[in-house]
Amino acid sequence: MNIILLGPPGAGKGTQAQRLVERHGMRQLSTGDMLRAAVKAATPVGLQAKAVMERGELVSDEIVSALIGEELDAMGSETGAIFDGYPRTEAQAHSLDAILGQRGRTLNHVIELAVDEDALVERITGRFTCANCGKGYHDKFERPQVDGTCDKCGSTEFKRRPDDNEETVRTRMAEYRAKTAPILPIYEARGIVARVDGMADMDQVTAAIEQVIAS
Ligand code: AP5
Ligand code: MG
């Protein structure tokens, strides 16, 4: 099973991908996470990506497609892939076709998380993650059970993303509208797009996604 989670910043791609990983042993391939790891490690890719990401613009198609190919090669061919934040442009959509084809994989579903843009700034500016295991939280919508302690690993260290401020979020949304939303028709023409209400509560969104992948 290979699926794309498509939606604007804050739509819930990462949240839902983490749940699919836990339930189905699939692998989350988040180009955002890969790029953040590269920035942290100050690799050549990271050095190139840092300022672009801080502005909320898109990193080059070549860089992200290479990262996706490497990640797929590093995982077992039987493991399902959840593409989170990739593809984001028409060129990336075509690259993904080639990348999957070369590895004998097919794309089963493109799940569009439909959200109301007004809610996204609040979702993103309230987001934080465990610095140790990466579990995602939100100041208002998903607090740890014990304040200051990660539910999953017990760590007491959390972090926030440098691009999670209102100004950058607005640029990220504009990039989504201009470059990413236009790739949907490519997949609609193949009849593999399912639209899920991303404004519902997290468990309902998960249930709707489960229905799609069981179909
Ligand atoms: P990336 O890391 O992909 O960020 P993004 O697309 O902006 O998406 P987010 O991670 O912000 O949102 P999400 O949908 O994962 O939401 P989440 O589940 O966390 O990309 C970052 C940057 O990297 C880009 O700007 C670009 O520079 C670069 N980049 C990455 N990929 C690239 C590519 N392919 N090409 C070029 N450049 C690339 O949810 C958000 C919050 O809301 C959480 O706190 C969560 O708890 C809460 N929440 C989630 N669901 C719900 C719900 N149903 N109800 C209430 N709250 C909810
Ligand atoms: Mg994310």
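Trainee: What should I know about the numbering and the model before we start?

Mentor: Residues are numbered from 1 along each chain as its sequence is written, while chains are lettered from A and ligands numbered from 1 in the order in which they are written. Side-chain values use heavy atoms, with hydrogens and water left out, and this is a predicted model in which local features need pLDDT of at least 70, side-chain atom pairs count only at pLDDT 80 or more, and totals for chains, interfaces and linings use all residues.

Trainee: Is strand S1 enclosed or open, and how many of its residues are buried?

Mentor: Helices (H or I, at least four residues) and strands (E, at least two) are DSSP runs numbered from the N terminus, and buried means under 20% relative accessible area, exposed over 50%, and partly exposed in between, with a 1.4 Å probe and protein chains only. In S1, Asn-2, Ile-4 and Leu-6 are buried on one side, and Ile-3 and Leu-5 are buried on the other. The strand, residues 2-6, is therefore largely enclosed by the rest of the structure, and the number of buried residues is five of five.

Trainee: Which strands pair with S1 in the parallel sense?

Mentor: Strands of a sheet pair through backbone hydrogen bonds, either parallel or antiparallel, and two strands count as paired here if DSSP finds at least two bridges between them. Leu-5 stands opposite Asp-84 in S3, whereas Leu-6 stands opposite Glu-112 in S4. Four bridges link S1 to strand S3 (residues 81-84) in the parallel sense, and four bridges also link it in the parallel sense to strand S4 (residues 109-114).

Trainee: What is the order of the open sheet of three strands?

Mentor: S5 and S6 run antiparallel and are joined by three bridges, with Thr-129 opposite Gly-136 in S6. The pairing in this open sheet is antiparallel, and the order is S6-S5-S7. Each of the edge strands pairs on one side only, and these are S6 and strand S7 (158-159).

Trainee: Which elements are included in what covers the buried residues of H6?

Mentor: Helix H6 spans residues 117-125, and its buried residues are Ala-119, Leu-120, Val-121, Arg-123 and Ile-124. What covers them includes strand S5 (127-130), strand S6 (136-138) and helix H7 (166-180).

Trainee: How much of ligand 1 does the protein bury?

Mentor: A polar contact is a pair of N or O atoms within 3.5 Å; within protein, one must be able to donate a hydrogen and the other to accept it, and residues adjacent in sequence count only if both atoms are side-chain atoms. A backbone N or O atom of Gly-12 lies 3.0 Å from an oxygen atom of ligand 1, and nitrogen of the ligand lies 2.7 Å from a side-chain N or O atom of Thr-31 and 2.9 Å from a polar backbone atom of Gly-85. With accessible areas from the Shrake-Rupley method (1.4 Å probe; for residues, only the protein chains shown count as cover), ligand 1 taken alone exposes 1,000 Å², of which the protein buries 95%.

Trainee: Which element gives the most to the shell around ligand 1?

Mentor: Helix H1 (13-24), helix H2 (31-40), H6 and S6 are the elements that give two or more residues to the shell. With four residues, the element that gives the most is H2.

Trainee: Is Arg-172 buried or exposed?

Mentor: Arg-172 is found in helix H7, and a polar atom of its side chain lies 2.7 Å from the backbone oxygen of Asp-163. Counting contact as heavy atoms within 4.5 Å, and leaving out residues up to four places away in sequence, Arg-172 touches Pro-9, Gly-56, Ile-124, Arg-127, Arg-161, Asp-163 and Asp-164. Its relative accessible area is 11%, so Arg-172 is buried.

Trainee: What is the relative accessible area of Ala-42?

Mentor: Ala-42 lies in the loop between H2 and helix H3 (44-55), and its phi is near 50 degrees, a positive value in a residue other than glycine. Ala-42 counts as partly exposed because its relative accessible area is 45%.
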